Amino acid sequence: MPDRTPLQIVVNRSIDDRRTDVYVDSLRVAFEGGADAPGSPSAYLGDAVDLGIRVLEPARSITSHEIDDLLGGAEHTVLVVVGDALIPELGLRVPEDHVVRVDALPDPPADPAVQGDRPRVESAFAPVVASLRAMASARRVLERAASYGDPDATGQLSFFISHAKTDGLAMAKSLIGVLRQLQEAAGNAAGFEYFYDAEHIPPGGLWQDVLNAASARSILIALRSEAYESRYWCRREFLRAESNGMPILAVDLRKEQYHHSVLLPFDVVPNVRVHDGNLIRIVLHAMGVHLRALRVQYEWPSVKVLPHRPSVYSLGRNVAAGAVIAYPGPKVPQAFRQAVAPILASTHPAATLKTYDELP
């Protein structure tokens, strides 16, 4: 484990422009979790999970010694520069490929009744895009530092969209539309791509091969509609991802009051709801789930890191890498530990389960 925190986010902005507050708020929601009051523009992101990555902001009159202290607090720093407010020495000390530059919000029109110039990114979208770009940059920094995965890969996070055609197609198409909008707004710095079978599997191709090849940098987004668990291929996609130790985010779209018990381990994966139609929440949580696991893996390279609580599927196929298998809390019950003890013993004689917080 490194002596310092692996990564930190430093924001450089003009503190005299209060319109930039929303960038700092959104970054803190994305990396530190929580959410502001509903009236705050940053609440558009919804609440989020603490990724263990702090968001810091230097004083405008920061000295060279204070810059040393600021940058020395982490192994790596991602610098988010809003507008043209860059502190020159800070810019020289942070590698250019660790810098995320975002446009300041445009001035409001002199006459509110007159439509102003159309910005490249809509004002309500701009803090969200900035946060997602910072998360993508953080992933690239950690991947490069840890030589994670295939060094020739693009570093893009792939969202595999799993859905039942019967009642999940409309949501899948809507989610793809939002992903395209975010990609267009962020340009090459979006940091993610999506995988949709109708677009990306050629005739005669096998989705299992595509899923296996890209699992190290992918997350399965399971659109859990009423029909999802009754569909054979949906179950196969979910279990293949879980067996590969791939992050899974379940989007709960169910509307009925009563549901039968199911075979899929939805209780161990994070779930998100979009009752208000805010599909950006899906993207934020998907990026966060993957980034949190990557940060922990960077800190403890000898530990097998699972992106969510283990199930018998993930333990049965994916824990032979070491004696310690780490997962985000809460702790699994003692009865579960006793039940999976033979599985752990068959993969490693001293295998143990620990939450991220229990790692030394």
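The structure is a predicted model, in which local features need pLDDT of at least 70, side-chain atom pairs count only at pLDDT 80 or more, and totals for chains, interfaces and linings use all residues. Residues are numbered from 1 along each chain as its sequence is written, and side-chain values use heavy atoms, with hydrogens and water left out.

The protein chain holds eleven helices and twelve strands. Helices (H or I, at least four residues) and strands (E, at least two) are DSSP runs, numbered from the N terminus. The chain has 360 residues, and 51% of them count as buried. Buried means under 20% relative accessible area, exposed means over 50%, and partly exposed lies in between (1.4 Å probe, protein chains only). The accessible surface comes to about 17100 Å². Carbon and sulfur atoms account for 53% of that surface. These areas come from the Shrake-Rupley method with a 1.4 Å probe; for residues, only the protein chains shown count as cover. Contacts (heavy atoms within 4.5 Å) were also examined. Among those between residues at least 6 apart in sequence, 70% join residues at least 24 apart.

Two strands pair if DSSP finds at least two bridges between them. E1 pairs with strand E3 (residues 74-82) in the parallel sense over seven bridges. Leu-7 has His-76 in E3 as its bridge partner. E1 also pairs with strand E2 (residues 54-56), again in the parallel sense, over three bridges. Here Val-10 is partnered by Leu-56 in E2.

Ala-222 stands opposite Ala-250 in E8. Axes are lines fitted to C-alpha atoms, for helices over the stretch in contact, and angles run from 0 to 180 degrees between N-to-C directions.

Phe-195 lies in strand E6. Its relative accessibility is 12%, so Phe-195 counts as buried. Phe-195 and Phe-159 are 36 residues apart along the chain, yet their C-alpha atoms are separated by 5.8 Å.

A nonpolar core is a set of buried Ala, Val, Leu, Ile, Met, Phe, Trp, Tyr and Cys residues joined through side-chain atoms within 4.5 Å. The largest nonpolar core has 65 residues. Phe-31, Met-135, Phe-159, Phe-192, Ile-282 and Met-287 touch the most other members. Helix H4 (residues 126-146) gives the most to this core, with eleven residues. Ile-282 touches Leu-175, Ile-221, Leu-249, Val-251, Val-272 and Val-274, not counting residues up to four places away in sequence. A second, separate core has 17 residues, including Phe-160, Leu-264, Phe-266 and Val-268.

H4 has 21 residues, 17 of them buried. From first C-alpha to last, H4 reaches 30 Å, close to the 30 Å expected at 1.5 Å a residue. The expected span of a helix is 1.5 Å times one less than its number of residues. Helix H9 (residues 280-299) should span 28 Å, and its end C-alpha atoms are 29 Å apart, which agrees. Of the 20 residues of H9, 20 are buried.

Another open sheet has three strands in the order E10-E11-E12, with parallel pairing. Strand E10 (304-305) and strand E12 (352-355) are the edge strands, each pairing on one side only. Four bridges join strand E11 (residues 324-327) to E12. Tyr-327 stands opposite Thr-355 in E12. Helix H11 (residues 334-347) lies across E11 and E12, at about 130° to E12. The loop between E11 and H11 contains Pro-330. A cis peptide bond joins Gly-329 and Pro-330, with omega about 10°. Most peptide bonds are trans.
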